[in-house]
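Good morning, and thank you for coming. Please look at the sequence and the structure as I show them, and follow the chain with me.

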Amino acid sequence: MNKQQKEINQVTWECIKQQAVERLLETKELSGKNGAITPIIKMVLEAALEAELTHHLAQSETGNRKNGKAKKKLKTAYGQIEIEPS
């Protein structure tokens, strides 16, 4: 990771932290459907799924028509989260 990528990651993380604090102050909930941590979990899950799919499809010799890009609902300890892989 180069210096520019690290700076972008730092700005992104600061934005995520700010949004989480604002949401916590607004909803007074840490977990659950409206909780402050739920959007963070959603972003991490979507990024991980996207990376996994990209890696899997890059190694596939045949086209994969069912590539997992549809919305999914996951049950987590923080409540149900709908992810939307890009």
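Predicted model: local features only at pLDDT ≥ 70, side-chain atom pairs only at ≥ 80, totals over all residues.

In helix H2, the residues Thr-38, Ile-41, Glu-46, Leu-49 and Leu-53 are buried, where buried means under 20% relative accessible area, exposed means over 50%, and partly exposed lies in between, with a 1.4 Å probe and protein chains only. Seen down the axis of H2, these buried residues fall within an arc of 130°, so they line one face of the helix. The arc is that of the directions from the helix axis to the C-beta atoms. As a general point, an α-helix has 3.6 residues a turn, so residues three or four places apart point the same way.

Residues are numbered from 1 along each chain as its sequence is written, and side-chain values use heavy atoms, with hydrogens and water left out.

What lies over the buried residues of H2? The cover includes strand S1 (72-76) and strand S2. On the face turned away from the buried side, H2 carries the exposed residues Val-44, Ala-58 and Gln-59. As for length, the 22 residues of H2 should span 32 Å at 1.5 Å a residue, and its end C-alpha atoms are 32 Å apart, which agrees. The expected span is 1.5 Å times one less than the number of residues.

The secondary structure comes to two helices and two strands, in the order α-α-β-β along the sequence. Helices (H or I, at least four residues) and strands (E, at least two) are DSSP runs, numbered from the N terminus. Of the 86 residues of the chain, 15% count as buried. Helix H1 has 25 residues and reaches 36 Å from its first C-alpha to its last, close to the 36 Å expected.

Now to the loop between H1 and H2, where Lys-28 is found. Lys-28 has a positive phi of about 65° although it is not a glycine. In general, most residues other than glycine have a negative phi. Lys-28 is also exposed, with a relative accessible area of 66%.

Gly-32 lies in that loop as well. Gly-32 and Tyr-78 are 46 residues apart in sequence, yet 5.0 Å apart in space, C-alpha to C-alpha. Setting aside neighbours within four places in sequence, Gly-32 is in contact with Thr-38 and Tyr-78, contact meaning heavy atoms within 4.5 Å.

At the other end of the chain, Glu-84 is found in the segment after S2. Glu-84 is partly exposed, with a relative accessible area of 42%. Leaving aside neighbours within four places in sequence, its contacts are with Lys-42, Glu-46 and Lys-71.

Finally, which residues line the largest pocket? They are Arg-23, Lys-33, Thr-38, Pro-39, Lys-42, Gln-80, Ile-81 and Glu-82. Helix H2 (38-59) and strand S2 (79-83) each supply at least two residues of this lining. A pocket is an open set of points, on a 1 Å grid over the protein atoms alone, where a 1.4 Å probe fits, with protein on both sides within 12 Å along at least five of seven lines; lining residues have an atom within 4 Å of a point. Thank you for your attention.
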